[in-house]
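Hi,

Here is the structure I promised to pass on.

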Amino acid sequence: MTIDVDPDWWKTLFDEVYLMTDARSIGDEVITRQEIDIFTSLVPMQPHDRILDLCGGQGRHALELCRRGFRDCTVLDYSQSLIDIGKREAVDQCRSVQFVQGDARHTDLPPETLDHVLILGNSLGYITEPDADLQILQESMRLLKPHGWLLLDVTDGAAACTTLAPLAWHEIGDDVVVCRQREVTEGRICAREMVLSKAQGMIRDRTYCIRLYSAEDLTALVVRAGFGDIKRYSDVSALNRAVDVGCMNQRLVVSARKS
Ligand SMILES: C[S@@+](CC[C@H](N)C(=O)[O-])C[C@H]1O[C@@H](n2cnc3c(N)ncnc32)[C@H](O)[C@@H]1O
């Protein structure tokens with residue numbers, strides 16, 4: 001069976017249900033802390049640096065950076081509901097983090113103001129138009145100061161092709177079951193996700209499709225966007241490999257620099 005996907009799926013999938021279904025990866029503070037340990041060891045970040053967590057969702061990485069004394073972090077994400085959730089957390093924990101709703105392809109943020117653009121947690125490859133990810137990287141280039149850093153953290157496409165199970169399910173508490181069917185074809189992973197409540201029935205039945213990058217393809221894209229000093233890191237996941245968290249299991253991290 002081929003999984004049919006609405007090309008605009010990414011505009012509406014990221015909400016409270018996503019925070020629940022993906023809580024084992026993006027809702028685990030220990031994992032987020034370990035990820036920030038890894039990322040801050042790969043690129044030189046200073047507490048006074050201006051940092052953009054692009055496609056940053058509810059801002060888990062920016063909030064963790066703020067807790068570590070990074071005072072100038074902004075989160076930009078398309079999802080208004082994640083932005084609102086992040087803003088509420090920031091009020092409790094880290095008021096200096098700014099949250100902005102927008103499209104990463106054209107952010108309206110001022111040029112050459114940032115020391116770092118972080119695109120983390122597999123946030124590329126969602127938009128069907130062939131040059132969308134290139135546009136996101138070109139926008140990152142526009143926003144960075146000269147010598148600023150780009151850090152990308154995506155699914156390792158080569159590893160996903162060989163290891164991702166076609167079917168997976170997990171329970172959340174006593175009530176909710178998440179079932180995933182996946183097809184990996186032509187450099188993409190397409191999935192159907194059903195979220196069921198034992199008490200109330202179907203919560204969600206949605207499909208999505210994400211472009212997968214090999215290390216070579218991602219490097220080529222970063223070069224096309226004009227970056228240099230490119231370094232690739234594989235096998236740098238903070239996640240426990242025994243647990244199937246889909247695209248988040250095997251990661252490919254690339255750092256690059258504006259000249
Ligand atoms: C898998 S989530 C990861 C969020 C966050 N980086 C993390 O690691 O928790 C992907 C995020 O990318 C955002 N996103 C995808 N395409 C986007 C775009 N063109 N502009 C802004 N946000 C986008 C989604 O709204 C979603 O919050």
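The lining of the largest cavity has 24 nonpolar, 14 polar and 11 charged residues, where Ala, Val, Leu, Ile, Met, Phe, Trp, Tyr, Cys and Pro count as nonpolar, Asp, Glu, Lys and Arg as charged, and the others, Gly among them, as polar. This is a predicted model, in which local features need pLDDT of at least 70 and side-chain atom pairs count only at pLDDT 80 or more, while totals for chains, interfaces and linings use all residues. Residues are numbered from 1 along each chain as its sequence is written, and side-chain values use heavy atoms, with hydrogens and water left out.

About 740 Å³ of space lies in that largest cavity (a volume is the space filled by probe spheres set on the points, joined across faces, edges and corners). Of its 49 lining residues, Phe14, Tyr18, Gly121, Asn122 and Tyr126 are the closest to its centre. A cavity here is a set of points on a 1 Å grid over the protein atoms alone where a 1.4 Å probe fits but cannot get out, and lining residues have an atom within 4 Å of a point.

The ligand's space is the largest cavity (to sit there, more than half of a molecule's atoms must lie within 2 Å of the grid points). Around the ligand are 22 residues, with Cys55, Arg60, Asp77, Ala104 and Leu120 the closest (a heavy atom within 4 Å).

For polar contacts (N or O pairs within 3.5 Å), a polar side-chain atom of Asp77 lies 2.6 Å from a ligand oxygen atom, and one of Asp103 lies 3.1 Å from a ligand nitrogen atom.

Best wishes

Terms used
A polar contact is a pair of N or O atoms within 3.5 Å; within protein, one must be able to donate a hydrogen and the other to accept it, and residues adjacent in sequence count only if both atoms are side-chain atoms. On a 1 Å grid over the protein atoms alone, a cavity is a set of points where a 1.4 Å probe fits but cannot get out, and a pocket is an open set with protein on both sides within 12 Å along at least five of seven lines; lining residues have an atom within 4 Å of a point.
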